Amino acid sequence: MSSLLWAKPGIDVDADIQRFLAGDDVVLDREFIRYDVRASAAHAEGLQHIGVLSADELAAIQRELSAFDADVAAGRFVLDGRFEDMHSAIEAHLIERLGDVGKKIHTGRSRNDQVLVATRLWLRDRLQHAEVLCHAAAEVCLLRAEAEQSLPLPGYTHLQRAMVSSAAMWWSGFAEGFLDDTERLRQTTSWIDANPLGSAAGYGVNLPLDRDHTTQALGFGRMQVAATYAQLSRGKFELAALEALGSALLDLRRLAWDLSLFTSGEFGFVRLPATYTTGSSLMPNKRNPDVIELMRGVYASVAAAKVEIEQLLSLPSGYHRDLQFSKGAIVHGFGRGLAALGLLPKLLRELEWVPERMRAAIEPSMYATDLAVELAASGLPFRDAYREAANPERWKDRDPSASLQARVSPGAAGDLQLGVLAARWASLKPGRAG
């Protein structure tokens with residue numbers, strides 16, 4: 001019997017064409033197959049509610065789906081070229097084990113809504129994982145900001161020495177960034193948390209499918225009501241998920257850039273844990289910050305995935321096979337993105353500052369702005385104060401700690417308002433409503 005769900009007597013299947021149609025779907029579907037099993041179980045329950053399956057038939061299907069899922073989880077079943085995709089593998093298993101009962105599972109559904117619900121569940125889990133990682137990174141940043149408020153760090157604009165800053169200001173900036181990312185990931189998860197199962201091929205079916213039940217059984221926040229929109233949302237929701245992930249990776253990219261500079265011999269502000277560096281194959285003296293360089297580069301994979309999906313969306317209404325390529329884009333983008341974010345909290349906990357190098361890089365000119373503001377506060381018009389403060393003779397005998405303590409504008413070194421950020425962190429703990 002052919003594994004092609006659409007195979008009919010008298011229709012030849014060209015092997016080369018089938019390979020092109022399948023592409024790398026079999027490999028990609030290994031990511032989604034357990035979600036397809038979960039959705040199949042919920043669909044079967046819905047079919048029993050409307051009388052398509054008896055209670056005994058439902059119990060048999062549930063038993064076999066559970067056994068199949070266990071085989072996949074344990075590696076006893078690996079999706080391969082014997083099957084067109086995950087959908088055909090699951091249905092073939094049910095038919096092999098249950099005969100005609102197994103043939104009933106596809107009643108009222110299409111592979112179109114099957115892949116939609118499986119990828120939607122997969123995206124939801126990965127967005128939630130990214131949220132946890134960003135929240136953890138923000139926590140490390142806040143803890144280190146609290147502990148390192150008195151540690152001066154040169155502040156730069158245009159990569160030129162600008163003003164005295166602090167390690168705590170550096171940490172608090174990234175803390176707030178990762179809190180924003182946490183919130184955006186949570187909001188995106190909530191937005192895509194909509195059940196497409198039961199939309200079939202995009203036009204519904206002539207059965208009173210229990211879509212409310214499948215929505216609840218799969219833990220969705222709501223049902224996608226219009227059967228046509230369920231299909232139209234494919235790609236649109238994936239793009240939103242990648243954009244939320246990309247927001248976090250942009251912050252990671254900037255942080256990694258800072259560490260790339262700070263660990264260089266020219267700066268020397270930071271020492272990385274040895275496990276985050278590698279050696280050179282030729283130069284015995286080298287330890288290279290390869291991990292942070294790949295963290296810096298990983299956004300490119302998400303950006304490429306976004307472009308690929310965006311280009312796929314130049315389609316009219318209804319399902320089109322072009323959308324198959326969206327699977328590879330999200331697997332590739334989330335695979336690399338989550339791997340990079342997963343290494344971040346430990347890196348942030350273990351990196352070490354080199355205070356003597358940081359202090360040595362603070363030069364007298366970096367107090368000029370402080371002086372200008374002081375003169376303006378004493379009554380001198382700011383533009384006059386600005387010119388007066390440009391005199392190098394006025395920069396002498398200043399101390400970085402005093403500069404930091406005097407910077408009392410909200411969010412600056414003398415008033416970091418870490419309590420405000422900590423309260424926001426607490427409100428965004430995974431499992432709590434934002």
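Residues are classed by relative accessible area as buried (under 20%), exposed (over 50%) or partly exposed (in between), with a 1.4 Å probe and protein chains only. The structure is a predicted model, in which local features need pLDDT of at least 70 and side-chain atom pairs count only at pLDDT 80 or more, while totals for chains, interfaces and linings use all residues. Residues are numbered from 1 along each chain as its sequence is written, and side-chain values use heavy atoms, with hydrogens and water left out.

Nonpolar cores were defined as sets of buried Ala, Val, Leu, Ile, Met, Phe, Trp, Tyr and Cys residues joined through side-chain atoms within 4.5 Å. The largest such core holds 105 residues, of which Phe334, Leu341, Leu344 and Trp353 touch the most other members. Helix H6 (residues 111-147) supplies the largest share of this core, 16 residues; helices (H or I, at least four residues) and strands (E, at least two) are DSSP runs numbered from the N terminus. With contact taken as heavy atoms within 4.5 Å, and with residues up to four places away in sequence not counted, Leu344 touches Ala137, Phe178, Leu252, Leu255 and Met295. A second, separate core has seven residues, including Ala368, Leu371, Ala372 and Ala389.

Ser301 is located in helix H12 (residues 299-312). This serine is buried, its relative accessible area being 6%. Its contacts, again without residues up to four places away in sequence, are with His332, Gly333 and Arg336.

Most residues other than glycine have a negative phi. Leu159, in contrast, has a positive phi near 65°. Leu159 is placed in the loop between strand E1 (152-157) and strand E2 (160-166), and its relative accessibility of 57% makes it exposed. Asp397 likewise has a positive phi, near 60°. This aspartate belongs to the loop between helix H16 (382-389) and helix H17 (400-406). With 82% relative accessibility, Asp397 is also classed as exposed.

Salt bridges were assigned where a side-chain nitrogen of Lys or Arg lies within 4 Å of a carboxyl oxygen of Asp or Glu. The whole structure contains 24 of them. In one, the side chains of Arg82 and Asp80 meet with an N to O distance of 2.8 Å. Arg82 is exposed at 52% relative accessibility, whereas Asp80 is partly exposed at 27%.

Another salt bridge pairs Arg424 with Glu183, whose closest N and O atoms are 2.7 Å apart. Arg424 is in helix H18 (residues 418-427) and Glu183 in helix H7 (residues 167-192), so this pair ties together parts that are 241 residues apart in sequence. Arg424 is partly exposed, with a relative accessible area of 22%, and Glu183 is partly exposed at 28%.

A further salt bridge joins the side chains of Asp370 and Arg407, at 3.5 Å from N to O. This pair also links distant parts of the chain, with Asp370 in helix H15 (residues 368-377) and Arg407 in the loop between H17 and H18, 37 residues apart. Asp370 is buried, with a relative accessible area of 11%, and Arg407 is buried at 15%.
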